[in-house]
Amino acid sequence: MANLKKIYEEYCKVGAKTDMTSSMWKKLLGDGGLSTKQKVKGGNVLDGAEVDMIYTRCKTGNVIKFENFEKALHQAAKARYGADTPETYSRLISALILPNLKLVTHPQHDDVTNRLTDVANYT
């Protein structure tokens, strides 16, 4: 659940918002490879209309608040995989989390980085 909250917040930051707008919802699903025009192995394609319908059903006002974010993900799992089971929900979450591992940066420790970050060489 902490990973979902982090992903939700990161996508909300894209638009400098605190809640998820329609464009952020579409970007999240697209980045996870869940909304695509290509044939998908082991699932249905979530086209733009389906993504919009899920958003409309789960929004409060003009945004999806975090409280409804999980509901939207369950609906996306059902639309994508044909059923809303713990297995299909886990598949959907894995598809969203794996591309977002890049949100965590890891420092490099090579010669160039060490020279550029050595404060003794600052003027």
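**Entry 1: ground rules.** I count as a helix a DSSP run of H or I with at least four residues, numbered from the N terminus. I note that the model is predicted.

**Entry 2: helix α4.** I began with α4, residues 66-81. I wanted its length checked. At 1.5 Å a residue, its 16 residues should span 22 Å. I find its end C-alpha atoms 23 Å apart, which agrees. Next I looked at what follows α4. G82 comes there, and its phi is positive, near 90°.

Entry 3: Which residues of α4 are buried? I list F66, F69, A72, L73, A76, A77, R80 and Y81. They cover an arc of only 145° around the axis, which puts them on the same side of α4. I recall the general rule: an α-helix has 3.6 residues a turn, so residues three or four places apart point the same way. On the other side of α4 I find E67 and K78 exposed.

**Entry 4: the core.** I turned to the largest nonpolar core, which has 29 residues. Which of them touch the most other members? They are M20, W25, F69, L73 and L92. At least two core residues come from each of α1 (2-14), α2 (22-31), α3 (48-58), α4 and α5 (86-97). α4 gives the most, with seven residues. In general, nonpolar side chains of soluble globular proteins tend to be buried together.

**Entry 5: around M20.** I set aside the neighbours of M20 within four places in sequence. What remains in contact with M20? I note Y8, Y11, C12, W25, L28, Y55, V63, I64 and F69.

**Entry 6: salt bridges.** How many salt bridges does the structure hold? I have seven.

- The side chains of K65 and D19 meet at 3.1 Å, N to O. This pair links distant parts of the chain, 46 residues apart: K65 sits in the loop between α3 and α4, D19 in the loop between α1 and α2. K65 is partly exposed, with a relative accessible area of 29%.
- The side chains of K26 and D52 meet at 3.2 Å, N to O.
- The side chains of E50 and R57 meet at 3.9 Å, N to O. R57 is partly exposed, with a relative accessible area of 45%.

Definitions and conventions
Residues numbered from 1 in each chain as written. Predicted model: local features only at pLDDT ≥ 70, side-chain atom pairs only at ≥ 80, totals over all residues. Heavy atoms only, no water. Expected span 1.5 Å × (residues − 1). Buried < 20%, exposed > 50% of the residue type's maximum accessible area, 1.4 Å probe, protein only. Arc of directions from axis to C-beta. Core = buried A, V, L, I, M, F, W, Y, C linked by side-chain atoms within 4.5 Å. Contact = heavy atoms within 4.5 Å. Salt bridge = Lys/Arg side-chain N within 4 Å of Asp/Glu carboxyl O.
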